[in-house]
Each structure stands twice: as C-alpha cells, then as structure tokens.
Amino acid sequence: MENKKPKMANPELSYFELQAYVGTTKHMGGFETTKELIELCHIGKDTYVLEVGCGVGATACYLAKKHGCRVVGVDLLEGMIDRSNKRAQKEGVTNRVEFRVADAQNLPFEDAFFDVVIGESILTFIRDKQRAVSECARVARPGGYVGLNEELWLETPAESLVKQVRHVWDIKPDIPTLEGWMGLLEGAGLGDIVVQTYRFDTRRESTQVQRYGFQDMWRMFYRTLFLYIKNPAFRKYMAERRHLPKHLFKYLGYAMFVGKR
Ligand SMILES: C[S@@+](CC[C@H](N)C(=O)[O-])C[C@H]1O[C@@H](n2cnc3c(N)ncnc32)[C@H](O)[C@@H]1O
C-alpha cells in the first residue's frame, strides 16, 4: 500500500511523517558514520542486529546486503515501516530483514535477544532517554554491544538557540552533553564505552546521499516540490525552517557511543 500523504492542511506538521512521505530519513555524519558504527559494534555475518528508529530502513537493508547479517528494524511510525519493507523487497533482503512498529522505550523483545543494538539519531528525539537506552541494553546479550550515533551539545548553548533547534528539527526533549549521554549509557549498565565526537562537516554530511539511490532522491525531490507547489501549509512550514540558527554548529555536534553489555 502506498504511503498516505501527511495531513498538510494541519499546520502541526510532523517532521517524521513528512520524511516518511518523501521517503528519506537521515542522521548527522551520513553514511560514513554508519559504516564506523557498524565497525565499532563488531557487526559481521553472524551478528543478529536490532536497529531502533530505523526510519526508511536504509541502514538495516545495507547491513543485510553488505554484511549478510540478520536485522530487525523498529520504528514508531507505520509510514517508516511501510517504506522499510518496500526497500527490503527492492534490495532483495526480505529473507534477512524484518521491520515492525515499536517504541524504543518499550521494546517487544525478550532480554538478551540480540547480539547488537544500534540507533542513529533517534534517542535525541525521545523524552525518557534513560528508559530507551536501558531497553536497548536489556535486549542486547551479555558481551554484545549497544551503539548509538546521537546529537549532543558540544558547548552550552544560549536558551534562544535551544528554542530555535526545537522548532527547526522538532526536537522537543533536551539534547544531552557528552557527560549526559555517558551517564545514560552507564545508567543502563553498559561498560567499556567507546566515544567519538564530531563537529558538523559538509563533506561527511554529503555521504548521506550514498545511502539512497537515484530513484529515492528523485522521489524525495518531486514529492517535496509537489507539496511546496500545492500546499500553503507546507510552504509556511518550510519558510519557517529555511534558515538554520546562526553559529548552530559551533554548539551542536554528534557523537558515537558504543557500550558493552
Ligand atoms: C532522525 S530519524 C533517523 C532515522 C534513521 N535512523 C536514519 O538514520 O535515517 C529518527 C527516527 O526515529 C523514529 N522514532 C522517534 N521516536 C521513536 C521511538 N520512541 N521509538 C521508535 N522510533 C522512534 C522516527 O520515527 C524516525 O524514523
């Protein structure tokens, strides 16, 4: 079944509904960071992986195709799961990948069910981060890994910047600092934590495109254009988000955290 259009008449547009509709999701650091995360989590052919907040399924399908492992992807939005299933079919990996709707704060899996749990830019958007990290740790087997790539404040931002970021990216909860994220992983019982922090870098961000083929990029382009032409609410939504806050990337960066269960 084709994805439904988000309700554009509603000025309360959802950032993620919109992404599911245009068919692409992203995280800071692009494809290059995904590959580093895979390496740091020691993912190989025999690893059973859970990806929380899988979006349109790009990383899960890449893992199954490139590394030959079995992957389960979960996301809160049905639109994301529809897209992910289509991607798995297109890429011929339905025998190794499975997608389902689930909340990262309440994962529908038994303890120690997976070898590795990964998440790319999802916990940033969750209010109860401790609960979500603890859930990721709970479903990873002892000796397995939890690997996260998440946004963080590199320096304490002014309140006005925090407000702007909330508005532009719909990040309602607080974004932690490095210490904040470390505390969350430790609080979930993870040890031997490896951390790599990054500043925004255009070259790295451009590797985002490599996750998607021409067809995906084309669909994203024409669907965005279609909405822009046809829908005044969408035009207003975009206009309000056209300019990123000044000096944003002096303060906002991202980091990879890999902890051992
Ligand atoms: C910024 S997107 C990143 C998607 C994907 N990881 C990627 O890198 O392309 C965040 C994703 O997290 C999902 N999400 C947000 N809150 C969630 C929750 N509580 N449980 C599961 N997924 C959630 C959103 O629907 C969205 O697909």
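Gly68 follows helix H3 and has a positive phi, near 70°. Helices here (H or I, at least four residues) and strands (E, at least two) are DSSP runs, numbered from the N terminus. The model is predicted: local features need pLDDT of at least 70, side-chain atom pairs count only at pLDDT 80 or more, and totals for chains, interfaces and linings use all residues. Residues are numbered from 1 along each chain as its sequence is written, and side-chain values use heavy atoms, with hydrogens and water left out.

Buried means under 20% relative accessible area, exposed over 50%, and partly exposed in between (1.4 Å probe, protein chains only). The buried residues are Ala58, Thr59, Ala60, Cys61, Tyr62, Leu63 and Ala64. What do they pack against? Their partners are helix H2 (30–40), strand S1 (48–52), strand S2 (70–75), helix H4 (78–90), strand S3 (97–101) and strand S4.

Val97 gives one view of this packing. It lies in strand S3. At 7% relative accessibility, Val97 is buried. Leaving aside neighbours within four places in sequence, Val97 is in contact (heavy atoms within 4.5 Å) with Ala60, Ala64 and Val71. Gln164 is another matter: 67 residues separate it from Val97 along the chain, and their C-alpha atoms are 37 Å apart.

S4 covers residues 114–120, and Glu120 belongs to it. Is Glu120 buried or exposed? Its relative accessible area is 6%, so Glu120 is buried. The side chain of Glu120 makes a polar contact with the side chain of Thr59, at 2.7 Å. A second polar contact joins the side chains of Glu120 and His27, at 3.4 Å. A polar contact is a pair of N or O atoms within 3.5 Å; within protein, one must be able to donate a hydrogen and the other to accept it, and residues adjacent in sequence count only if both atoms are side-chain atoms. Beyond four places in sequence, the contacts of Glu120 include Thr34, Leu37, Asn149 and Arg211.

His27 leads on to the ligand. Which of the 22 residues around the ligand come nearest? They are Thr25, His27, Gly53, Asp75 and Asp103. A residue counts as near if one of its heavy atoms lies within 4 Å of the molecule. The shell divides into ten nonpolar, six polar and six charged residues. Here Ala, Val, Leu, Ile, Met, Phe, Trp, Tyr, Cys and Pro count as nonpolar, Asp, Glu, Lys and Arg as charged, and the others, Gly among them, as polar.

A backbone N or O atom of Gly53 lies 2.8 Å from a ligand nitrogen. For a polar backbone atom of Leu76, the distance to a ligand nitrogen is 3.2 Å. For one of Ala104, it is 2.9 Å. Taken alone, the ligand exposes 590 Å², and the protein buries 97% of that. These areas come from the Shrake-Rupley method with a 1.4 Å probe; for residues, only the protein chains shown count as cover.

Now the interior. In soluble globular proteins, nonpolar side chains tend to be buried together. A nonpolar core is a set of buried Ala, Val, Leu, Ile, Met, Phe, Trp, Tyr and Cys residues joined through side-chain atoms within 4.5 Å. The largest one has 30 residues; Leu50, Val52, Val74, Phe109, Phe114, Val117 and Val133 have the most contacts inside it. Among the elements that give it two or more residues are S1, S2, S4 and helix H5 (129–139). The largest share, five residues, comes from H5. A second, separate core of 27 residues includes Cys41, Val93, Phe99 and Val258.

Two residues return us to backbone angles. Most residues other than glycine have a negative phi. His42 is not a glycine, yet its phi is positive, about 55°. His42 sits in the loop between H2 and S1. At 52% relative accessibility, His42 is exposed. Asp192 also has a positive phi, near 45°. Asp192 lies in strand S6 (residues 191–199). With a relative accessible area of 63%, Asp192 is exposed.
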